[in-house]
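Subject: Structure handover

Hello,

Here is the structure for you to open. Please keep it on screen while you read the notes below.

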Amino acid sequence: MTSILRHNLPSMPPSVSPSSHAVEADGLVFLTGQFGRDLKDPEAPLPPGIAAQTRRTLQNMRSCLADLGLDMRNVVSVRVFLTEFKRDYDEMNQAYAEFFEVEHRPTRTCVGVTSIVRDALVEIDCIAKR
């Protein structure tokens, strides 16, 4: 049987849901959804606007991956959830592209949703490969 590692990262604030920050199996790392909270002050207001929230969300993802000895080049698949899909898609893409080198871009699914925790505009999760 494959061993499964559940990671609750000490540098991350507690999860807002009853979940692990990351789960690892067979060299794949499944990162829980991130949103634009400030990791040093998790109760602070979210930054205004989709670009700022996307950047903060991906900075949080990068921080989680770093805690696991990984970086954005290890990401193989991403899911993006937007509460205002038509309004925010293009601007989110511009901010998102800043975090992935062209030759290391993962696959991606992007969907519109009705609501995200703390009224965030975007949530992003990923799968990375060790």
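**Rings and a charge**

R108 lies over the face of Y96, at 4.6 Å from the ring centre. That label needs NZ of Lys or CZ of Arg within 6 Å of the ring centre and within 35 degrees of the ring normal.

Before going on, note that this is a predicted model: local features need pLDDT of at least 70, side-chain atom pairs count only at pLDDT 80 or more, and totals for chains, interfaces and linings use all residues. Residues are numbered from 1 along each chain as its sequence is written, and side-chain values use heavy atoms, with hydrogens and water left out.

The structure holds 2 aromatic pairs. Rings of Phe, Tyr and Trp (its six-membered ring) pair if their centres lie within 6.5 Å; planes under 30 degrees apart are stacked, over 60 edge-to-face, and the rest tilted. F85 and Y89 make a stacked pair, 5.0 Å centre to centre with 25° between the planes. They are 4 residues apart in helix α2, so about one helical turn separates them. F85 is partly exposed at 31% relative accessibility. Y89 is also partly exposed, at 28%. (Buried is under 20% relative accessible area, exposed over 50%, partly exposed in between, with a 1.4 Å probe and protein chains only.)

Y96 and F100 make a tilted pair: 4.9 Å between centres, 35° between planes. Y96 is buried at 8%. F100 is buried at 4%.

**Helix α2**

Helices here are DSSP runs of H or I with at least four residues, strands are runs of E with at least two, and both are numbered from the N terminus. The expected span is 1.5 Å times one less than the number of residues.

Where does α2 kink? The kink is centred on E91 and is about 30°. The bend is the angle between axes fitted to the seven residues ending at a residue and the seven starting there.

D88, M92, A95 and Y96 are buried in α2. Their cover includes α1 (50-67), β4 (75-82) and β5 (107-112). D88 has a relative accessibility of 3%. Leaving aside neighbours within four places in sequence, D88 is in contact with I50, L82 and L121. Contact means heavy atoms within 4.5 Å.

**Helix α1**

The 18 residues of α1 should span 26 Å, and the end C-alpha atoms are 26 Å apart, which agrees. Its buried residues include I50, Q53, T57, N60 and C64. The buried residues of α1 pack against β3, β4, α2 and β6. G69 follows α1 and has a positive phi, near 80°.

**The core**

Which residues have the most contacts inside the largest nonpolar core? They are L58, M61, L65, M72, V78, V80 and F100, in a core of 28 residues. Such a core is a set of buried Ala, Val, Leu, Ile, Met, Phe, Trp, Tyr and Cys residues joined through side-chain atoms within 4.5 Å. β3 (28-34), α1, β4, α2 and β6 (122-129) each supply at least two residues of this core. α1 gives the most, with 5 residues.

F100 touches L58, M72, V75, V78, R105 and P106, not counting residues up to four places away in sequence.

Best wishes
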